[in-house]
Amino acid sequence: MAIADFFDVKLFLASSITLVVIMDPPGTVPVFLSLVGRKPPAVRARAARQAALVSLLVISLFAIAGQAILAYLGIGVPALQGAGGLLLLLIALDLLTGRGATSEPNVVEDVNVALVPLGTPLLAGPGAIAATIVFVRQAAGHVGAYVALACAIVAVHVVIYAAMRFSGVVIRVIRESGITLLAKIAGLLLAAIAVELVANSVRGFIAGG
């Protein structure tokens with residue numbers, strides 16, 4: 001038997017690179033720090049772990065049953081893009097205006113930050129979900145391809161977790177004023193991502209119509 005029957009190296013590399021580019025582990029660090037950078041190390045570590053796990057669960061769910069879920073609900077990728085864009089825009093406005101910056105969120109809010117917007121839609125967003133569904137289609141029932149895709153999804157999330165988990169090194173360098181600056185930059189970047197998602201959503205609806 002060929003190696004591809006057990007593990008499709010080509011699909012593994014293609015899916016890993018694609019998901020890393022889309023999910024952008026280094027790019028999540030400023031957003032992560034802007035949301036939990038002022039928290040104790042233990043809270044930051046828990047948020048990093050929760051965000052990575054939430055993203056892994058969402059991506060895995062759509063890898064297994066994404067096409068069936070979207071078909072059953074009658075939802076297309078443009079709708080996911082639009083919803084994700086609007087949600088990210090709300091978070092971006094909070095970061096840019098500084099609302100809640102002086103308050104100390106409780107544990108429940110810390111968990112919610114890991115769920116939204118970090119876990120989804122920032123990490124497990126429309127782009128990552130759509131890419132995963134496309135790679136599942138490319139697997140076309142081959143066991144080796146499915147194994148490769150599963151390994152790629154796990155590997156990417158390990159990288160994402162590591163980027164957020166060790167962001168404390170960045171905190172020691174930039175200090176409190178740097179975190180405030182990162183919050184503004186992250187808000188601007190999130191707003192740009194949100195606008196792009198909404199624009200892609202509109203283009204998708206027009207093309208589909």
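The exercises below work through selected features of a predicted model.

Residues are numbered from 1 along each chain as its sequence is written. In this predicted model, local features need pLDDT of at least 70 and side-chain atom pairs count only at pLDDT 80 or more, while totals for chains, interfaces and linings use all residues; side-chain values use heavy atoms, with hydrogens and water left out.

**Exercise 1.** Find the aromatic pair and classify its geometry.

Step 1. Rings of Phe, Tyr and Trp (its six-membered ring) pair if their centres lie within 6.5 Å; planes under 30 degrees apart are stacked, over 60 edge-to-face, and the rest tilted.
Step 2. Searching the whole structure gives one aromatic pair. Its members are Phe-7 and Phe-12, with 5.4 Å centre to centre and 50 degrees between the planes, and the pair is tilted.
Step 3. For exposure, buried means under 20% relative accessible area, exposed over 50%, and partly exposed in between (1.4 Å probe, protein chains only). Phe-7, at 24%, is partly exposed, and Phe-12, at 21%, is partly exposed too.

**Exercise 2.** Which residues have a positive phi although they are not glycine, and where do they lie?

Step 1. Helices (H or I, at least four residues) and strands (E, at least two) are DSSP runs, numbered from the N terminus.
Step 2. Asp-24 has phi near 50 degrees. Asp-24 lies in the loop between α1 (9–23) and α2 (25–36) and is partly exposed, at 36%.
Step 3. Ala-140 also has phi near 50 degrees. The loop between α6 (126–139) and α7 (143–165) holds Ala-140, which is exposed at 53%.

**Exercise 3.** Locate the cis peptide bonds from Val-116 to Pro-117 and between Thr-120 and Pro-121.

Step 1. From Val-116 to Pro-117, omega is near 10 degrees; Pro-117 is found in helix α5.
Step 2. Between Thr-120 and Pro-121, omega is about 10 degrees; Pro-121 is in helix α5.

**Exercise 4.** Compare the UniProt feature "transmembrane region" with the model at residues 12–33 and 143–164.

Step 1. The unreviewed UniProt entry places this feature at several spans, including 12–33 and 143–164. UniProt positions are given in the numbering used here, feature names are shortened, and annotations may be inferred rather than shown by experiment.
Step 2. Residues 12–33 are 95% helix and 0% strand, and their end C-alpha atoms lie 30 Å apart.
Step 3. Residues 143–164 are 100% helix and 0% strand, with end C-alpha atoms 32 Å apart.
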